[in-house]
Amino acid sequence: MSEDTGTIVRPKTRKERKTRRLPPYNVILLNDDDHSMEFVVEVLVKVFGHKLEQCIQLMFEAHETGRSIVWSGSKEVAELKQEQVQTFSEKKGGRDIGPLGCEIEPAPG
């Protein structure tokens with residue numbers, strides 16, 4: 001007589017994979033007493049595509065508090081947006097007063 005040696009098949013257990021999301025970054029507009037308010041709003045409209053009303057609000061927030069978060073997203077895009085902001089420059093009285101103050105930082109949380 002032959003014995004039946006049954007084979008037990010067990011499914012492979014997979015380790016749970018957690019997708020690791022990269023932390024978002026904020027683009028910060030810094031207060032600036034040298035550039036005109038119109039110039040600041042124009043740059044925000046061109047670079048970020050926000051509506052005019054929102055750009056005015058962001059400009060006033062930076063003016064009143066010293067800084068304003070104007071965009072949040074991936075680090076690479078935040079760096080690009082910062083670079084784009086800093087390519088614009090305003091001339092006053094025949095002299096170039098340079099780009100707007102803009103920096104990026106990791107978003108809290």
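Is Cys102 buried or exposed, at 7% relative accessibility? Cys102 counts as buried, because its 7% relative accessibility falls under the 20% cut-off. The views below are of a predicted model.

**View 1. Packing of helix H1 against helix H3.** Helix H1 covers residues 37-48 and helix H3 covers residues 75-85. The two axes lie 10 Å apart, at an angle of about 140°. H1 is therefore oblique to H3. The crossing of these two helices is right-handed.

**View 2. Residues at the contact of H1 with H3.** On the H1 side the contact is formed by Val43, Val47 and Phe48. Their counterparts in H3 are Lys81, Gln84 and Val85. By class, the residues of this contact comprise 4 nonpolar, 1 polar and 1 charged.

View 3. The closest cysteine sulfur to that of Cys55 belongs to Cys102, at 13 Å. Because a disulfide requires sulfur atoms within 2.5 Å, this distance is too far for a bond.

View 4. Cys102 takes part in no disulfide. For Cys102, the nearest cysteine sulfur is that of Cys55, 13 Å away.

Conventions: Residues numbered from 1 in each chain as written. Predicted model: local features only at pLDDT ≥ 70, side-chain atom pairs only at ≥ 80, totals over all residues. Heavy atoms only, no water. Axes fitted to C-alpha atoms, helices over the stretch in contact; angles between N-to-C directions. Helix = DSSP H or I, 4+ residues; strand = E, 2+ residues; numbered from the N terminus. Parallel < 35°, antiparallel > 145°, perpendicular 65-115°, else oblique. Left-handed = near helix turned anticlockwise from the far one by under 90°. Contact = heavy atoms within 4.5 Å. Nonpolar A, V, L, I, M, F, W, Y, C, P; charged D, E, K, R; others polar. Buried < 20%, exposed > 50% of the residue type's maximum accessible area, 1.4 Å probe, protein only.
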